[in-house]
Amino acid sequence: MKPVAISCGEPAGIGPEIAARAWEKLRGEIPLLWLGDPRHLPEALPWQTVSGASEAADLSGTALPVLARDFGPPAVPGRPDPAHAQGVIDAIRDGVDLVRSGDCSALCTAPIHKAALIDGANFAYPGHTEYLAALAGVDEVVMMLACDALRVVPATIHIPLSQVPERLTPELLEATIRITRDALIRDFGIEAPRIAIAGLNPHAGEDGKMGHEEIAMIAPLMARLGDEGFDLRGPMSADTMFHAGARAGYDAAICMYHDQALIPIKTIDFSGGVNVTLGLPFIRTSPDHGTAFGIAGQGLADPSSMIAAIRMAADMAQARGAR
Ligand SMILES: NC(=O)C1=CN([C@@H]2O[C@H](COP(=O)(O)OP(=O)(O)OC[C@H]3O[C@@H](n4cnc5c(N)ncnc54)[C@H](O)[C@@H]3O)[C@@H](O)[C@H]2O)C=CC1
Ligand SMILES: NCC(=O)COP(=O)(O)O
């Protein structure tokens, strides 16, 4: 199998240590290639620089293969340094190049601190999702967070809540539903996906008494896609669609904004959730959490979500025949 590339993420966060812990767990199972400055890895970790992905597969059983870059100043846990910003961005871009060339099977990204990238390198994107879409030259990508118990998709992502109603267009919602359905079939092996659609407003608008987006936009779009054969359920009240009984009725939930989607999944399974970008011409996953500055460098970080993200990336690569 071709290695899964892992971009380092924010060096002052927990990214390097959870990658190291993930390598310890997966070393006999999935070859890895870490992209970053090896001075940021935990001291006791066996690692070795390589010049390309082809050297990583054999090495990965005994040491973490590293495609090394010099980020300049050393990292201080918990204190992000804008001087590292370009190195962090370059590691993501290296990962994309390696996956697009076929040298790596998938990309798994460790968490970034968006503010440090903006301050240090004028990073023009609110997150990986939008940066990866730009690198890939695609207009529409979808963020899905997935764990064993739930898959959620925020239709709008990193924008202020006040902008959600205007950004929530039928076109955006339709593209989100189509990309999600395609991915459920292709990457998750679900032949006839059942997709729940959340309302935007309390009680899904209460028949127009608490908001009109459900009647004016969401329901008509659902009816049109239903005529095409899509199995769509809703618009559902967001407050009652995530308990266990409700979750049994769908394979993924499309939500209208970031917190509507991410609060339930991070509450149900913070350590097992995986962030996966759908609609890219390559595979990208990530842990569902952030940089966790408060515990960085202390050996306290739980690597479970990183491990789940790498496993999901490898499984998706296998499903696509890209191993
Ligand atoms: N994919 C990415 O690049 C993501 C990046 N972020 C970034 O991370 C930064 C911090 O965001 P926060 O909202 O504070 O979320 P966070 O996920 O970093 O931390 C939230 C809480 O969970 C704990 N936590 C997180 N991961 C943990 C782990 N693996 N083991 C044990 N405890 C863990 C933290 O210590 C903290 O108490 C922000 O700059 C944000 O933009 C956040 C989410 C995803
Ligand atoms: N809240 C999820 C998050 O910030 C992940 O964003 P991305 O970096 O994967 O686009």
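Biologist: What makes the crossing of helix 3 and helix 4 left-handed or right-handed?

Modeller: Helix 3 passes helix 4 in a left-handed crossing, where left-handed is the word for a near helix turned anticlockwise from the far one by less than a right angle, and right-handed for one turned clockwise. The helices themselves (H or I, at least four residues) and the strands (E, at least two) are DSSP runs numbered from the N terminus. This is a predicted model, in which local features need pLDDT of at least 70 and side-chain atom pairs count only at pLDDT 80 or more, while totals for chains, interfaces and linings use all residues. Residues are numbered from 1 along each chain as its sequence is written, and chains are lettered from A and ligands numbered from 1 in the order in which they are written.

Biologist: Why is helix 3 called roughly perpendicular to helix 4?

Modeller: The axes of helix 3 (residues 85-100) and helix 4 (residues 114-121) come within 8 Å and cross at roughly 110°. That angle makes helix 3 roughly perpendicular to helix 4, since angles under 35 degrees count as roughly parallel, over 145 as roughly antiparallel, 65 to 115 as roughly perpendicular and the rest as oblique.

Biologist: Which residues of helix 3 and helix 4 meet?

Modeller: A85, Q86, V88 and I89 in helix 3 meet A116, L117, G120 and A121 in helix 4, contact being C-beta atoms, placed from the backbone, within 7 Å. By class, these residues are 6 nonpolar, 2 polar and no charged, where Ala, Val, Leu, Ile, Met, Phe, Trp, Tyr, Cys and Pro count as nonpolar, Asp, Glu, Lys and Arg as charged, and the others, Gly among them, as polar.

Biologist: Why are helix 7 and helix 8 called oblique to each other?

Modeller: Helix 7 (residues 170-186) and helix 8 (residues 213-227) pack at an angle of about 45°, with their axes 10 Å apart, and they are therefore oblique to each other. Their contact is made by P170, L173, E174 and I177 of helix 7 and by M217, I218, L221 and L225 of helix 8, which divide into 7 nonpolar, no polar and 1 charged.

Biologist: And what is the handedness of the crossing of helix 1 and helix 11?

Modeller: The crossing of helix 1 and helix 11 is right-handed. The axes of helix 1 (residues 15-26) and helix 11 (residues 304-319) come within 9 Å and cross at roughly 60°, and the two helices are therefore oblique to each other.

Biologist: Which residues surround ligand 2?

Modeller: Ligand 2 is surrounded by G127, H128, T129, L262, N275 and S286, a residue being near if its C-beta atom, placed from the backbone, lies within 6 Å. That shell holds 1 nonpolar, 5 polar and no charged residues. Around ligand 1 there are 18 residues, the closest being P111, H289, G290, A292 and D302.

Notes
Axes are lines fitted to C-alpha atoms, for helices over the stretch in contact, and angles run from 0 to 180 degrees between N-to-C directions. Two residues are in contact if their C-beta atoms, placed from the backbone, lie within 7 Å.
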